[in-house]
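Dear colleague,

Here is the structure you will be working with. My notes on it follow below.

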Amino acid sequence: MQLWLALILSIPTENATERMRVWRSLKASGAAVLRDGVYLLPETAPCRATFERVIADIKSAGGTTHLLRVEGIDGTDLARLFARGEDYALLLNDIAMASAALNVDTAADAFKVTRKLRKSFAGLAAIDFFPDAAHQQTDAALQELEAHVSQLLSPDEPRALEGAIPRRVAGEYHGRLWATRKRPWVDRLASAWLIRNFIDPQARFIWMEPQTQCAPDVLGFDYNGAAFSHVGAKVTYEVLLASFGLEQPALKQIGALVHYLDVGGVMPAEAAGVERVLGGLRLAILDDDQLLQAASAIFDGLRTAFEKEPQTP
C-alpha cells in the first residue's frame, strides 16, 4: 500500500515574502495540493527531507506545521494528483519545435537547446513520482532529437548496430594494435583508456583519417565496420564494458558520463565539468597520443572518486 506524507502548515499573513518562498519550494518539490495549506508527497526519505527543510523555514518565520504519515484519504487515487502530463506536453512541444528548426546550419545552436531541454526533462522526471507513458514518450522524442543533432554535428560518428553483444576474454586481446578515428573525443578517449587499463595493458593505438578502414590484424573501435562500436543504445565504451564483462560500478558510472557527452541522455552531475576540461585538452593538445595521456588522468581521477563514493545498496 502506498504511504504518504501530509504537511499541514500556517504562516502569518503579514509575512508575504516567506509565504512565497515556501510556496516556491513546495512547487519545486512536486508536492500536490490537497487544499490551501495542506500538501502531499509520497512517503520516501527524499520527500521527508524536503518537507523537513520546509518545516524549518516555516518555523523560523513564526509559522506552525504538522507532518502526518497517512495511508490514503477516502479511497481517493492520490497518485492522480501528481500527474505530470501537462508538463510533459509542454516539453514535447518545445522538442517538436527544436526538431522542426533543425538543419546542418542550425545544429550548433540546436546542441545548446537540447542540453537545456534535457535539463528541463531531468528536473521534471525528478518530481515525477509515478512516471507513465508521457514520461517515456518525452524521453524518446528527446533522445531522437539528440541523436539527430549529433549526426549533423559529427557526420562521421558510427551508426549503431542492432543485436546481442558477444562476450570476449581479455586475455585473448593482449599486445594488440588498436585503431580509431583521429582527433578523438570522449567515447574514443574513454574507450582507449578502458582498453589500456582493463583489457590490453600493452595496447598500442593508431589514429586514422575518417572513413579509413584498418588492416585485418588491427582491432578497430568506434567507427563503422570496427570490431567494437555502437550497439543499440550503447556507445563504444559501454559496448566494451559489456563485451569483456567489466561490471565495476565506477566503470559503469564513467559509462553513463561518456554516454551523455557522446549521444545525450540523462545528465550526470559531473558532465559539464568533464566536458569543459576534455574540450580544453582537445583544443590545446594536437598530438592524439599526448591527448590520450592527458585525458587518461581525468578518467583515472573519476574512477578513484567514484570508487570512494558510498554505494547505494
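What does the accessible surface of the protein chain come to, and what percentage belongs to carbon and sulfur atoms? The surface is about 17000 Å² (Shrake-Rupley method, 1.4 Å probe), and 54% of it belongs to carbon and sulfur atoms.

This is a predicted model, in which local features need pLDDT of at least 70, side-chain atom pairs count only at pLDDT 80 or more, and totals for chains, interfaces and linings use all residues. Residues are numbered from 1 along each chain as its sequence is written, and side-chain values use heavy atoms, with hydrogens and water left out.

The protein chain has 10 helices and seven strands (DSSP runs, H or I of at least four residues for helices and E of at least two for strands, numbered from the N terminus). Of its 313 residues, 41% are buried (under 20% relative accessible area, 1.4 Å probe, protein chains only).

The largest nonpolar core holds 42 residues (buried Ala, Val, Leu, Ile, Met, Phe, Trp, Tyr and Cys joined through side-chain atoms within 4.5 Å). W178, L194, F205, Y237 and F299 touch the most other members. Helix α6 gives the largest share, nine residues. A second, separate core of 20 residues includes W4, L5, I11 and I55.

Helix α6 (residues 186–199) packs on α7 (residues 236–243) at about 25°, axes 8 Å apart (lines fitted to C-alpha atoms over the stretch in contact, angles from 0 to 180 degrees between N-to-C directions). That makes the two helices roughly parallel (under 35 degrees). Residues of α6 in contact with α7 include W193 and L194 (heavy atoms within 4.5 Å).

Regards

Terms used:
Angles under 35 degrees count as roughly parallel, over 145 as roughly antiparallel, 65 to 115 as roughly perpendicular and the rest as oblique. Buried means under 20% relative accessible area, exposed over 50%, partly exposed in between (1.4 Å probe, protein chains only).
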